[in-house]
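Take a moment with the sequence and the fold before reading on. The paragraphs below walk through them step by step.

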Amino acid sequence: MSKFPPVEKLVPHAGPMVLLDEVCEHSDEHIACRVKVRADGLFDSGGAVPSWLGIEYMAQAVAAFSGYAARLRGENVKIGFLLGTRRFETSAASFTCGETVTVRARQVVLAGGGMSAFECAVSGKHIEQRAMLSVYEPDEENPILESDR
């Protein structure tokens, strides 16, 4: 049993779009999560998932990092935006369905106005990935999030 809340409580995703299975580690600067690559019809084909899905695994790890930190402060989980990915490197063209991978994210920049940068990695038996993600977490009062537009 994990000492962390279920991922569904930490990320602003629902149903099958929650791709992470569990949080394994969390500190003020980093998070580690586990994913069992699913053959659920969303992204798989022929027993594999394209390697670019690793970017979404990384982005969800960043969201879980932020969501867990918000819960520790007694705040609600906020929506965030992936602004960009730099230096994405992958050792394989795909993930093997059924493989368990570890996703790590380490916050390297915390700028004002909700901007952050994370060094991220995905590692498994058949794949290694690295990337730098730039993210934005707006204030809840931000006009971008108004639903009556």
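How many aromatic pairs does the structure hold? The structure holds five. Rings of Phe, Tyr and Trp (its six-membered ring) pair if their centres lie within 6.5 Å; planes under 30 degrees apart count as stacked, over 60 as edge-to-face and the rest as tilted. One of the pairs joins Phe 43 and Trp 52. Phe 43 has a relative accessible area of 24%, so Phe 43 counts as partly exposed. That term covers the range between buried (under 20% relative accessible area) and exposed (over 50%), with a 1.4 Å probe and protein chains only.

Some words on the basis of these values. This is a predicted model, in which local features need pLDDT of at least 70 and side-chain atom pairs count only at pLDDT 80 or more, while totals for chains, interfaces and linings use all residues. Residues are numbered from 1 along each chain as its sequence is written, and side-chain values use heavy atoms, leaving out hydrogens and water.

Phe 65 and Phe 118 form another edge-to-face pair, at 5.4 Å between centres and 75° between planes. This pair links distant parts of the chain. Phe 65 sits in helix H1 (residues 53–72), Phe 118 in strand E7 (residues 115–123), and 53 residues separate them. Both Phe 65 and Phe 118 are buried. Helices (H or I, at least four residues) and strands (E, at least two) are DSSP runs, numbered from the N terminus.

Now turn to the sheet. Six strands form an open sheet in the order E1-E2-E6-E7-E8-E4, with antiparallel pairing. Two strands pair if DSSP finds at least two bridges between them. E1 and E4 stand at the edges; each has a single partner strand, so one side of each lacks a neighbour in the sheet. From one strand to the next, the twist averages 20°. The axes behind such angles are lines fitted to C-alpha atoms, for helices over the stretch in contact, and angles run from 0 to 180 degrees between N-to-C directions. Strand E2 (residues 30–36) runs antiparallel to E6, joined by seven bridges. Lys 36 has Thr 100 in E6 as its bridge partner.

Next come the charged side chains. There are five salt bridges, each a side-chain nitrogen of Lys or Arg within 4 Å of a carboxyl oxygen of Asp or Glu. Among them, Glu 25 pairs with Arg 104, with the closest N and O atoms 3.5 Å apart. Glu 25 lies in strand E1 (residues 22–26) and Arg 104 in strand E6 (residues 100–110), 79 residues apart. Glu 25 is partly exposed at 33%, and Arg 104 is partly exposed at 38%.

Glu 119 and Arg 106 form a salt bridge too, at 2.6 Å from N to O. Glu 119 belongs to strand E7 and Arg 106 to strand E6, 13 residues apart. Asp 40 and Arg 38 also meet in a salt bridge, at 3.0 Å.

Ile 79, Phe 81, Leu 83 and Met 115 make a nonpolar patch of about 320 Å². Patches are made of residues with over 30% relative accessible area and no salt bridge: like charges are joined within 9 Å, nonpolar side chains (Val, Leu, Ile, Met, Phe, Trp, Tyr) within 5 Å. Accessible areas come from the Shrake-Rupley method with a 1.4 Å probe; for residues, only the protein chains shown count as cover. Ile 79 lies in the loop between H1 and strand E4 (81–90).
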